[in-house]
Amino acid sequence: TWDLVVLDEASKIKNRETGVSMACKCIPAHRRWALTGTPLENRVEDLLSILEFLLAASGERLPGGPGPAFRELLSRLQVRRRKADVLPELPPKQVIEVPLELGPLQRAAYDIVEQEGIVQLTKLGSAVAVTHVLELITRLKQLCNVEPVSGESSKLEEIGERLQRLVAEGHRALVFSQFTSTEHGVRAAARRLAAYCPLTFTGDMTPALRTDAIDRFMRDPTHKVMILSLRAGGVGLNLQAASYVFHLDRWWNPAIEDQAESRAHRMGQPYPVTAYRYTCLNTIEERIAAMLEAKRQLFREVVDDVSLDLRASLTEEELFGLFGLRAPKRERRAVAHRPPVPDWGSMTDAALTLWLHDRLTAAGYRLVPRSEAPPGIDLLAVRADEMGVETRLAIRCRCDREALGPEMVQEVLAAADNAWVPMIACPGGFTEEAEHLAEQSGARLWNGVDLASLHHSAA
């Protein structure tokens, strides 16, 4: 029995059903500490699993949810410290919101895609779904980064102009994007900023390549810029060699952006840190930014500078309202005719596995006994088509509400035998890097939309 167990990055156990969460809670110890800069990102309930870890040996029961008892327990167990409280020597950080107009070619392309997208959403009528809105939002956000045909980008042009001055003064910078592609994201920025010898850091790189990129950036000052995928490079890295941070695009959750800026604004940083956050005027980015600011006040009384993930917190009406549309009434009426989609947020990984087992069986798959599945695989499913060709799926079930990254794809690829197609089922979906790696490796990914389709087709 240990005297003290300390968890750093304790937010990684916020889902009580993950293996790492259960393992941490099984360690016998007299005292437990949990350290994290982001105790919650989406909802107050994210804290419950961390509190469960802290109370594992005491026998004290957790409150059922947010309320007076929860707040009393939190005030008793939580010590809140801002950087200014504990690192008085840390230089200040300044965040500058930069509004930009789209270039003429960007504006023309953006307007066409948005207008055609709204027409298409309207034409879908009762068949329109939230996923269609999110797909349109993604396309528009990518166009706000770069117009792929001409390469015009008001953001990259502005970043390039600032870098020219900053590099001349001896500074170095980090650039973050949620996209990784050569058209709109990390690789597009690396090509445009080639004069500054950029290094890239994305989730689809091997761990060895990522480590090497960090070492080279910290050791070799000729690399003036590191360009990182927001989800892969936003936590756990020490990049004090840079004192400027650029957000090429905005994430749905400001807490993720704050964490990314902390890669530079941390102990050992000798210079003030300046972060630039770009928003294109008269675009979907501006509308989302306004909603984001309104929503981010919700959790500040619990912890500092943490907000909801906007995708999870926006109602259907608010999402359709971003394009001046009303959410379809058809979906409300359809509940009476189709079985409702399960509440993924209340499911555990085990419950999702059992649910998927039943749905696949109803869809004509033969399920191999669980005892025959290798470690890291939850289900083995086989189905033959009319020609006798078999589809053999090795499935990992994760009921995360957030998008899974490429690390999970790599785990399933390593666990699945070559005779099986590796697959991950996750209602929260997948990051662009995970999708890219899956496409390259032949793995399959089922998000909430795919699972809902399976639910209705098998019902």
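**Exercise 1.** Are H17 and H18 roughly parallel or roughly antiparallel to each other?

*Solution.* The model is predicted, so local features need pLDDT of at least 70 and side-chain atom pairs count only at pLDDT 80 or more, while totals for chains, interfaces and linings use all residues. Residues are numbered from 1 along each chain as its sequence is written, and side-chain values use heavy atoms, with hydrogens and water left out.

Step 1: locate the helices, which, like strands, are DSSP runs numbered from the N terminus (helices are H or I with at least four residues, strands are E with at least two). H17 covers residues 406-415 and H18 covers residues 432-441.

Step 2: compare their axes, which are lines fitted to C-alpha atoms, for helices over the stretch in contact, with angles from 0 to 180 degrees between N-to-C directions. The two axes come within 8 Å and cross at roughly 30°.

Step 3: classify the angle, given that under 35 degrees counts as roughly parallel, over 145 as roughly antiparallel, 65 to 115 as roughly perpendicular and the rest as oblique. H17 and H18 are therefore roughly parallel to each other.

**Exercise 2.** Describe how H5 and H6 are arranged and which residues meet.

*Solution.* Step 1: the axes of H5 (residues 104-124) and H6 (residues 130-145) come within 10 Å and cross at roughly 175°, which makes H5 roughly antiparallel to H6.

Step 1: look for contacts, meaning heavy atoms within 4.5 Å. Residues of H5 including Tyr110, Val113 and Leu121 meet residues of H6, among them Val133, Leu136 and Leu140.

Step 2: sort the contact residues, where Ala, Val, Leu, Ile, Met, Phe, Trp, Tyr, Cys and Pro count as nonpolar, Asp, Glu, Lys and Arg as charged, and the others, Gly among them, as polar. The contact of H5 with H6 divides into eleven nonpolar, four polar and two charged residues.
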